[in-house]
Amino acid sequence: MSERQVEVEILRYDPETDQAPKLQSYSVPCQEEWVVLDAITYIKDHIDTTVSFRWSCHMAVCGSCGMMVNGEPALSCKSFLRDYPDKIRIEPLAHFPIVRDLVVQLDDFMEKLNRVKPYIIPKEKKSVSDGQHKQSPAQLKAFKQYTLCINCTLCYAACPQYGLVPDFIGPAAMALAHRYNLDSRDGGREQRQEVVATDEGVWECSFVGACSEVCPKQVDPAGAIQQMKIASTVDWYKEHLMPWSKP
Amino acid sequence: MAKSNKPIVWGLFAAGGTITAFLTPVMIFVTGLAVPFGIMGPEVLAYDRIHDFVANWFWKLVLFGIIFFSLWHAAHRFRITMHDFGVRADRVVAKISYLLAALGTLGAIVLLLRI
């Protein structure tokens with residue numbers, strides 16, 4: 001196994017004591033098969049125990065190790081060092097307040113996710129004795145892609161619109177609203193529209209598409225938002241031109 | 001939060017996008033390439049022929065549809081492009097863009113009715 005010396009710059013910041021964030025550089029002996037997260041773990045274990053960062057599964061499932069790698073949002077456990085030059089810069093996810101070093105405050109996203117009611121709101125009440133909710137493969141396929149979201153918030157860090165307009169509900173929350181809207185067992189679309197069809201909802205999106213490019217799970221939140229724009233537009237015309245029809 | 005009224009302009013934008021994506025390339029091909037390069041004869045765009053075509057009410061309506069939706073598509077696209085370029089004056093840009101589209105629409109109506 002070949003070893004390579006990589007210069008890893010990490011953004012350090014403790015809001016309680018530091019005036020401003022600053023970059024700190026570490027020289028790390030990296031193995032060929034390492035990912036960025038391995039390099040940061042090496043720093044924590046062998047060079048500087050004060051570096052703070054989040055991680056858990058190390059296999060692109062938990063969504064907690066998102067950070068800016070050379071200026072682009074990425075899961076550090078999925079970013080192989082062999083794909084990067086000998087010097088890399090690691091910063092916390094853009095557009096979120098820093099708690100410490102690479103750890104960001106996700107409260108804003110969590111609050112927005114909650115607002116779109118990302119759970120099944122049953123169409124009709126069904127008791128356990130009535131049996132299970134059946135779903136055909138086609139009905140499952142309609143929304144399955146959007147279930148793959150791991151709430152890593154890379155899409156929020158990539159979205160220039162979220163950076164400009166912090167009230168924007170944003171890509172992941174929208175994609176999850178879409179996921180439940182498309183579910184054949186769900187009847188909650190009208191409730192979600194109260195958030196989705198507002199200016200801060202789908203209409204703040206200017207379809208830059210960066211969210212879908214950085215998504216590590218190919219959820220395609222940009223696609224979800226455009227589909228919801230079409231559906232919301234149909235709703236609007238129905239509501240205003242055909243008030244007798246229920247949307 | 002109130003529901004947005006953006007679907008008015010976005011609906012026109014989306015419809016215009018679909019129309020321009022399918023029809024504008026064909027029109028560019030016929031008027032800008034095929035006839036000038038001799039793939040189609042000059043008689044294709046002959047005055048009498050085109051005049052007869054546009055004088056027909058059905059085609060007049062079709063032509064108006066293409067122009068109307070393309071204009072409103074372009075207006076909204078321009079508005080978003082300005083935003084993407086970092087022009088932070090959305091209200092002014094939107095007013096100018098939609099005003100131009102509205103003027104174009106009026107112009108199209110007047111010109112088509114005069115034929």
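Chain A has nine helices and seven strands, where helices (H or I, at least four residues) and strands (E, at least two) are DSSP runs numbered from the N terminus. This is a predicted model, in which local features need pLDDT of at least 70, side-chain atom pairs count only at pLDDT 80 or more, and totals for chains, interfaces and linings use all residues. Residues are numbered from 1 along each chain as its sequence is written, chains are lettered from A and ligands numbered from 1 in the order in which they are written, and side-chain values use heavy atoms, with hydrogens and water left out.

Along the principal axes, the C-alpha atoms of chain A fill a box of roughly 70 × 40 × 30 Å. Of its 247 residues, 47% count as buried; buried means under 20% relative accessible area, exposed over 50%, and partly exposed in between (1.4 Å probe, protein chains only). Among the contacts in chain A with a separation of 6 or more, 63% join residues 24 or more positions apart, a contact being heavy atoms within 4.5 Å.

**The nonpolar cores**

The largest nonpolar core holds 69 residues, of which Val8(A), Ile10(A), Ile40(A) and Ile90(A) touch the most other members. Such a core is a set of buried Ala, Val, Leu, Ile, Met, Phe, Trp, Tyr and Cys residues joined through side-chain atoms within 4.5 Å. Helix α6 (residues 171–181) of chain A supplies the largest share of this core, six residues. Because domain 1 (3–104) and domain 2 (107–241) of chain A both give residues to this core, it lies between them; the domain bounds come from an automatic or database domain assignment. Apart from this core lies another, of eight residues, among them Leu12(B), Phe68(B), Trp72(B) and Tyr98(B).

Leaving aside residues up to four places away in sequence, the residues that Ile90(A) touches include Val8(A), Ile10(A), Ile40(A) and Leu102(A). As for α6(A), 11 of its 11 residues are buried, so this helix is largely enclosed by the rest of the structure. Its buried residues include Pro171(A), His178(A), Arg179(A) and Asn181(A). They are covered by elements including α2 (107–115), α3 (137–147), α7 (189–196) and α9 of chain A.

**The pockets**

A pocket is found on a 1 Å grid over the protein atoms alone, as an open set of points where a 1.4 Å probe fits, with protein on both sides within 12 Å along at least five of seven lines; lining residues have an atom within 4 Å of a point. Grid points are joined across faces, edges and corners, and a volume is the space filled by probe spheres set on the points. In the classes below, Ala, Val, Leu, Ile, Met, Phe, Trp, Tyr, Cys and Pro count as nonpolar, Asp, Glu, Lys and Arg as charged, and the others, Gly among them, as polar.

| Pocket | Volume | Lining by class |
|---|---|---|
| Largest pocket | About 730 Å³ | nine nonpolar, seven polar and 10 charged residues |
| Second largest pocket | About 470 Å³ | 13 nonpolar, one polar and one charged residues |

Among the 26 residues lining the largest pocket, Trp203(A), Lys6(B), His76(B), Arg79(B) and Asp90(B) are the closest to its centre. α3(B) gives the most to this lining, with six residues. The second largest pocket is lined by 15 residues, and Met27(B), Val30(B), Ile50(B), Phe53(B) and Leu63(B) lie nearest its centre. Here α1(B) contributes the largest share of the lining, five residues.
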